[in-house]
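Student: I would like to learn how to read features in a structure. Can we go through some together?
Tutor: Gladly. Here is the one to look at.

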Amino acid sequence: MTVPTAPLALGIVGAGIMGERMMNAVLGQDAPLVRIAALWDPAPAARERIAARHPGVPVVADADAVVAASDCVYVASPPASHLGHARAALAAGRSVFCEKPLAVDLAEARAFVAEAGSRGAVNFPFASSLGVAALARWIAEGAVGTPRRLTIEVAFARWPRPWQEDAAAWLDAPWEGGFTREVVSHFLFLSRRLLGPLDGLDGHAVFPEPGRSERAVEATFRAGGVPVRLRGRVGETPPDAHNADDHNTWTLEGEAGTVRLRDWAIAERRGADGRFAPAADAMPNERARPIALRRQLEGVVRMTRGEPHALATLAEALEVQEVVEAILASRTA
C-alpha cells in the first residue's frame, strides 16, 4: 500500500488486554503507518499503568479528548459501552475500529450499522490472519472441492481463561460476556467470510449457574448453504487437544478433501493417510498474532482513507452478532 505522508492518528478507548495489545502493535511498527494520538481508560489504575510503562503515549482525561485528537478511534472498552464511544467518534467525523460485539442490544446494533455506513470496521483478527489466507487459497485451488460440511469446536478448561482474570466481572456476565460472544463469534465470522451468509440456525445454550455466562452451546446452521455443526463447552477439553486450556478447530470437509484451522492460527490439510499436516509457513498464534495486528493496522489506514480493505465490515459483524444472540436466547439452566 502507499504510505501516507503522515501516520494515521489512532485514539484508543480502553486500556485492557485488547487496548494494550493494539497499542503495542502501533509502538512496534518498523515504518509507522499509525501513531497513538491519545489513550483513555475509565480506571485510574489502568491509566497510571500505561503512563508508567509507556511515557510517550498521550494518556488523556476522558473519551472526548481521545476523539478530538484522532482520525480513527479504536473502541476496546467492555461491550456495553461500545456504541456510546463509537457514536461519539462518528458524530465528530472520525472513523471507528470497534471490538466485537457491536452492542449488548441487537436493536441498537442494527440502528448503528444503518447509520454508520462504511465509516467503521470491527476487530475480527481472522480478517488479517495468514492462516486464514492459507485456507482461502487452498479452497480457491480446489483442495476441498464442493464443501459438504463444516464443524466448529471450541472448549475451555475454565472460563474466563486465566489471562482474562482482570476482566472477569464482565467476561463471565450472561448479559455481556461468555465464550460464545468472545470466541465462537470469531469462527462464525470466519464461516461467513470464507463460505457465505449464515442462516437456518437451530441452537441451544446451557446456563447452569445463576449470574454467570453459558457453559455449553450446541447449534446447527448453514454458511453459504454449507451445513455447519457447532459445539462449545467449558470444563473439559478433548484428550488429544494441542492446548489443554483453550481448544478450537474449524474443519471444512468436501468431496475432494478436508482443511482446518487449529488453535487460532495453524492452517492444516488432511492427507491420504488421514492425518493433518500444517501449511509450510504455519506458526503458532503467539508468533502469528503480531503479523495479523500489523495487517490490521494497514486495514485501519485504508478504511479511514475510504479505500478498499479486508477488515470485518459492520454488516458482517452484525450478522455474526445476530447468530450469537439467537444461540444464547435458546437457553436452559
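Student: Are Phe 124 and Phe 189 buried or exposed?
Tutor: Both Phe 124 and Phe 189 are buried in this predicted model.

Student: How do I describe a pair of aromatic rings?
Tutor: Use the distance of the ring centres and the angle of the planes. Here, Phe 124 and Phe 189 form a stacked pair. Their centres are 5.0 Å apart, with 10° between the planes.

Student: Where do Phe 124 and Phe 189 lie in the chain?
Tutor: Phe 124 is in the loop between β5 (120-122) and α6 (130-140), and Phe 189 is in helix α8. The pair therefore ties together parts that are 65 residues apart in sequence.

Student: How many aromatic pairs does the structure hold?
Tutor: It holds 8 aromatic pairs. Another of them joins Phe 126 and Trp 264. The ring centres are 6.0 Å apart and the planes stand at 40°, so this pair is tilted. It links distant parts of the chain, 138 residues apart. Phe 126 sits in the loop between β5 and α6, and Trp 264 in the loop between β11 (258-262) and β12 (266-270).

Student: Why do Phe 126 and Trp 264 count as buried?
Tutor: Look at relative accessibility, where buried means under 20%. Phe 126 has 6%, so it counts as buried. Trp 264 has 18%, so it counts as buried too.

Student: Which residues form one aromatic cluster?
Tutor: Phe 126, Phe 187 and Trp 264 form one.

Student: What should I know about phi?
Tutor: Most residues other than glycine have a negative phi. Now look at the loop between β11 and β12. Trp 264 has a phi near 75°, a positive value in a residue other than glycine. Asp 263 also lies in that loop. Its phi is near 50°, again positive in a residue other than glycine. Asp 263 counts as buried, because its relative accessibility is 13%.

Student: Which residues is Asn 285 in contact with, leaving aside its neighbours within four places in sequence?
Tutor: Asp 263, Trp 264, Ala 265 and Pro 290. Asn 285 itself belongs to helix α9 (residues 285-304). It is buried, with a relative accessible area of 18%.

Student: What about peptide bonds?
Tutor: Most peptide bonds are trans. Two here are worth a look. A cis bond joins Lys 100 to Pro 101, with omega about -10°. Pro 101 is in the loop between β4 (95-98) and α5 (106-116). The bond from Trp 159 to Pro 160 is cis as well, with omega near -5°. Pro 160 is in the loop between β6 (147-156) and α7 (168-171).

Student: At what angle do helix α8 and helix α10 pack?
Tutor: Helix α8 (residues 179-194) and helix α10 (residues 314-329) pack at about 130°, with their axes 9 Å apart. That angle makes α8 oblique to α10. Their crossing is right-handed.

Student: Which residues make the contact of α8 with α10?
Tutor: From α8, they include Leu 188, Phe 189 and Arg 192. From α10, they include Glu 319, Val 320 and Val 323.

How values were computed
Residues are numbered from 1 along each chain as its sequence is written. This is a predicted model: local features need pLDDT of at least 70, side-chain atom pairs count only at pLDDT 80 or more; totals for chains, interfaces and linings use all residues. Side-chain values use heavy atoms; hydrogens and water are left out. Axes are lines fitted to C-alpha atoms, for helices over the stretch in contact, and angles run from 0 to 180 degrees between N-to-C directions. Helices (H or I, at least four residues) and strands (E, at least two) are DSSP runs, numbered from the N terminus. Angles under 35 degrees count as roughly parallel, over 145 as roughly antiparallel, 65 to 115 as roughly perpendicular and the rest as oblique. A crossing is left-handed if the near helix is turned anticlockwise from the far one by less than a right angle, and right-handed if clockwise. Contact means heavy atoms within 4.5 Å. Rings of Phe, Tyr and Trp (its six-membered ring) pair if their centres lie within 6.5 Å; planes under 30 degrees apart count as stacked, over 60 as edge-to-face and the rest as tilted. Buried means under 20% relative accessible area, exposed over 50%, partly exposed in between (1.4 Å probe, protein chains only).
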